[in-house]
Structures are given as C-alpha cells and as structure tokens.
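Dear colleague,

Please find the structure below, followed by some notes on what was found in it.

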Amino acid sequence: MGFWDELKQSVKEGMENGKRLGEIELKIERSGSTACLTPEERAFYTEHEKRTPEQYLAQYQEKQARIAEKERIRALKQQETQFHIGGLYFRRGGNGLYYFGDSFVENAACWRLVSFIWGGPHYETITKTTGTTRPKGKLRGAMLGGAIAGFSGAFVGAVNGMERHTDLKTTVQQVEKDTVAYLVFESVRTGERVQKKIWCNTKVAGQVGKLIG
C-alpha cells in the first residue's frame, strides 16, 4: 500500500472513529448515565479519548449546569425594569420589589417603595426684552447725495440721513425649576427605611406617581 493509500485509509478510520465516539457521547448524554454502555463501547471510548465515560459525563453535566445557570440569570434580568428618575438608578424585579443600582446582582437587598416626599412645583419668572430697529420718517439728504454723486450717492445720502426707531418687546415666562424630593424605600428583610434624594419637577413627579399608584 502506497503513502497516499495509507493516508486515505488513516483519514477514513479517523472519521469513522470520530463518528462512533460522537454516538457514544450522545448515548451517555441522553441516558444521563454510563450504565447504558456495553463493555466494548466503554473500552473503545477510553482507548481513543484517553478518559473514561464517567469523566466525560461529569464534564458534560458541569457544562450543562453552567448553561442552565446563565439561562436562569438571563431570565431574571429580563423580568427586571430599569428606572432612571431624577438622577437615581434603580430596578424593579418581576416580584414587584425594588433594587438599587443599574446592574443585576443576585440576592441583593430588596425594597418596597412606600412614600414620596416633595414640596410641589417651584417656578422662576424670567423676563426677556428684545428690540427691533427700523427706519422712521422721510429720507433726508437724498437730493444732496444725488447732486454730488448721482443715483448711488443719492441712496447713500438717504440712508445716512434717515431717522431710526427701536421697537422693544418684553416677554415674561414662568419656568419650572428642579427641586429636591425623596423616594422612601422600606427593606423587605429588616423593615429599615431609607430616603433616596432625587431632583424633581412636575414631569418627574408624574413618573413617581405611576410607581406608587
């Protein structure tokens, strides 16, 4: 048998062995045990994989446990609602309880939102005056400009000689300012209450009202 024939045979055997090893591993995975293997399958697997079927099963189950844990955490994260209200970051879980911060932490302290403290809206008066300057009265100096420099001179003389008037307009506007307010949370575990400061206005108060109501 020549070199290429030997190489071809070696590749063929490798593929066949790989296929059979895959079938044995699938058999172990579906059974969840190595008791399903025949003595010949056990010997074949150990010889070619340099590990026992029990070692493969332990590694497979560990990997599946990690995948399941990641899926569980992902599901918990998906149940949470993120809030950023008045400069405060917090979250509400699928259980209706609140957690501080914007990152999921398992078994973190959980709180109930029990109260909202705010003195109401505060407005500031802003007065703004603007002016518009416009020509007023008749053009003067046009004839003199025309006599000196023709039509162009007449225009320049007229512009230089016209009277101007400024119209003033004053507007008064009420602008709401952000003021300090507090969200009051109560610990589910200890009953302790904490106040979290936020910057509040009518819009923010409406957002908080939806959480409490």
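Helix H3 covers residues 53–79, and because its 27 residues at 1.5 Å a residue should span 39 Å, the 39 Å between its end C-alpha atoms agrees with expectation (the expected span being 1.5 Å times one less than the number of residues; helices, H or I of at least four residues, and strands, E of at least two, are DSSP runs numbered from the N terminus). The buried residues of H3 are Pro-53, Tyr-56, Leu-57 and Ile-73, where buried means under 20% relative accessible area, exposed over 50% and partly exposed in between, with a 1.4 Å probe and protein chains only.

This is a predicted model, in which local features need pLDDT of at least 70 and side-chain atom pairs count only at pLDDT 80 or more, while totals for chains, interfaces and linings use all residues. Residues are numbered from 1 along each chain as its sequence is written, and side-chain values use heavy atoms, leaving out hydrogens and water.

The structure holds 10 aromatic pairs (rings of Phe, Tyr and Trp, the last by its six-membered ring, with centres within 6.5 Å; planes under 30 degrees apart are stacked, over 60 edge-to-face and the rest tilted). The rings of Phe-83 and Phe-90 are stacked, because their centres lie 5.4 Å apart with planes at 20°. Phe-83 and Tyr-98 form a tilted pair, with centres 6.5 Å apart and planes at 45°; since Phe-83 lies in strand S1 (residues 81–85) and Tyr-98 in strand S3 (residues 98–100), this pair ties together parts 15 residues apart in sequence. Ring pairs link Phe-83, Phe-90, Tyr-98, Phe-100, Trp-111 and Phe-185 into a cluster.

Best regards
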